[in-house]
Protein chains: 2
Amino acid sequence: MNDDTELELLYDLSEVFRVFGDTTRIRLLSALRAGPLCVSCLSEELEMQQSAVSHQLRMLRSAGLVRPTRMGKNVSYALDDEHVASILDLGLSHVTHRRAGYQYKDDKEEA
Amino acid sequence: MNDDTELELLYDLSEVFRVFGDTTRIRLLSALRAGPLCVSCLSEELEMQQSAVSHQLRMLRSAGLVRPTRMGKNVSYALDDEHVASILDLGLSHVTHRRAGYQYKDDKEEA
DNA sequence: TATATACATGAACATATAATCATATGAAGT
DNA sequence: ACTTCATATGATTATATGTTCATGTATATA
């Protein structure tokens, strides 16, 4: 793998994480962990406007993290990939580990 | 765990991913995977201004992803946590898996 | 102490991004 | 065909974010 390919890979990598790196999208993914849900259900669950939810679902779709299935009038969304759940889990374990008391020497209060 | 705590957890989670979700920071983390490096080395490696690198290292520090150690005039940065490498790896495996030919029905060309 | 080197940081600016509003599309029922 | 319900999407706007420039701080060395 040459430097250029590696760079592209890193670009893709940061793009994936960027998609995970938003509160609304994380909440959507988290809600879908329990199983597929339609847009209006997600909208109620997060107490957000349907439009906002749809916009974010679109991003998740483009990133290949969720998959839509039409069910009559509704569209049901599901996590697309085992990786998605794994990444969520690993992130969670990191966060909870840090919460559990592990502290850093400085920068604790930084922006 | 009540809903409030869960919500906070998800906020923290998205924050962690947000930090990973930038090209410069991913490149920094990736460079540090091979071992600790000082700021000027990272600056050269990424071919970016020292100031930009420092700003991003500050974010990585605040997030607890890297740890600085002063070595004389230089400051050496290292990945702070095993989790960091794991998360990078898992993200990479997701990206490479998708690259390897798995394609989605639509949304392939979306923004 | 004066100077140089390495790094950090505040301010400013340009760009990216998420929510909202209005509206379009699409499916189901009358 | 018309209406209703569910979802998608374009445009707009407010905010967030990354880089640059200028400058501050810290360490080493003459």
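Which element gives the largest share of the surface near DNA strand D? The close-up views below, all taken from a predicted model, begin with that surface.

**View 1. The protein surface near DNA strand D.** The largest share of this surface comes from H4(A), which contributes six residues. Helix H3 (39-46), helix H4 (50-62) and strand E3 (74-79) of chain A, as well as helix H4 (50-62) of chain B, each supply at least two residues. In total 25 residues surround DNA strand D, and the closest are Cys38(A), Ser40(A), Ser51(A), Ser54(A) and Asn74(A). Sorted by class, the surface near DNA strand D holds 12 polar, seven nonpolar and six charged residues.

**View 2. The packing of helices H2(B) and H4(B).** Helix H2 of chain B, residues 23-33, packs with H4(B) at an angle of about 80 degrees, and their axes are 10 Å apart. Because angles of 65 to 115 degrees count as roughly perpendicular, H2(B) and H4(B) are described as roughly perpendicular to each other. From H2(B), the residues Thr24(B), Arg25(B) and Leu28(B) meet Ala52(B), Gln56(B), Leu57(B), Met59(B) and Leu60(B) of H4(B). The residues of this contact comprise five nonpolar, two polar and one charged.

**View 3. The hairpin of strands E2(B) and E3(B).** Strand E2 (residues 66-71) and strand E3 (residues 74-79) of chain B run antiparallel and are joined by six bridges. One of the pairings to look for is that of Pro68(B), whose bridge partner in E3(B) is Tyr77(B). Two residues lie between the strands of this hairpin, in which Gly72(B) takes a positive phi near 65 degrees.

Methods
Residues numbered from 1 in each chain as written. Chains lettered and ligands numbered in written order. Predicted model: local features only at pLDDT ≥ 70, side-chain atom pairs only at ≥ 80, totals over all residues. Near = placed C-beta within 6 Å. Helix = DSSP H or I, 4+ residues; strand = E, 2+ residues; numbered from the N terminus. Nonpolar A, V, L, I, M, F, W, Y, C, P; charged D, E, K, R; others polar. Axes fitted to C-alpha atoms, helices over the stretch in contact; angles between N-to-C directions. Parallel < 35°, antiparallel > 145°, perpendicular 65-115°, else oblique. Contact = placed C-beta atoms within 7 Å. Pairing = 2+ DSSP bridges.
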